[in-house]
Amino acid sequence: MDKSAYKKERDGLQQGIYRIINPFVRLLIRMGVTPNMVTTVGLLGNLAAAAILAWAGILASHTGDPQYLLITVAGAVIIVFSTFDMLDGQVARLGHMESRFGALYDSVLDRYCELFTLGGISFYLIESGYPIGALVTFLALVGSIMVSYVRARAEGVGLECKVGFMQRPERVVVTAAGCLACGIVGLCSPNSTVAVYILIIAMAVIAVFANITAFARVGVCRAGLKDK
């Protein structure tokens, strides 16, 4: 699939989600909820998911039980509260509450969400005896932050840079799916170590493609600045 086709499908999926959530968004607006409130709730939810992952790691290190139920719960919490990343933008647009500070606040808290959730996964893997998996998760975190950082720096020099496959929505989906798959497989096969490796593979996917995306954006910026 070429880039334009992928973007078209991605935009179409996004618009389909908006049609589903818009009635709820209008309800929030009538209740007096602001975009920044929604963004803050999303952060608190992701912080809760990170706490669940950290607690799972602590219990795993003390009991030897991988705590797959907690990993499943953490994955569900991540996917639920990450939808607030779409809700806040729609509340701002439909409620005519868009602001430059709101955009800044949203971007900053998005980074905190990823720091917390991937940090929680890394801690869980360390405590569970998978240091290599924790390192892979750290690389995923580096790639995630750099994807956003390169875009921010590009905008600072007057360029728009949104290229790349592993952007925030994809990273959230892979993170949540990795946790859910790890937990569910582990609950179905308690004596198997395959489940934890599913989570590590999900982190490896983010680590590889997020860092590729970051460097691809650097390349796009270099070409754009040469043209200028």
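1. Which residues in helix α5 (residues 100-127) are separated by about one helical turn? They are F101 and Y105, because these two lie four residues apart in the helix. Helices here are DSSP runs of H or I with at least four residues, numbered from the N terminus.

2. This is a predicted model, in which local features need pLDDT of at least 70 and side-chain atom pairs count only at pLDDT 80 or more, while totals for chains, interfaces and linings use all residues. Residues are numbered from 1 along each chain as its sequence is written, and side-chain values use heavy atoms, with hydrogens and water left out.

3. Helix α3 (residues 68-82) packs with helix α4 (residues 84-94) at an angle of about 10 degrees, and their axes are 5 Å apart. That makes α3 roughly parallel to α4 (angles under 35 degrees count as such). Axes are lines fitted to C-alpha atoms over the stretch in contact, and angles run from 0 to 180 degrees between N-to-C directions.

4. In this contact (heavy atoms within 4.5 Å), V80, F81 and S82 of α3 meet F84, D85 and M86 of α4.

5. The structure holds four aromatic pairs, meaning rings of Phe, Tyr and Trp (its six-membered ring) with centres within 6.5 Å. One of them, F81 with F84, is stacked, at 5.5 Å centre to centre and 15 degrees between the planes; stacked means planes under 30 degrees apart. The rings of F101 and Y105 are also stacked, because their centres are 5.7 Å apart and their planes at 25 degrees.

6. F84 is buried at 19% relative accessibility, whereas F81 is partly exposed at 26%. Y105 is partly exposed too, at 23%. Buried means under 20% relative accessible area, exposed over 50%, and partly exposed in between (1.4 Å probe, protein chains only).

Key: Angles under 35 degrees count as roughly parallel, over 145 as roughly antiparallel, 65 to 115 as roughly perpendicular and the rest as oblique. Rings of Phe, Tyr and Trp (its six-membered ring) pair if their centres lie within 6.5 Å; planes under 30 degrees apart count as stacked, over 60 as edge-to-face and the rest as tilted.
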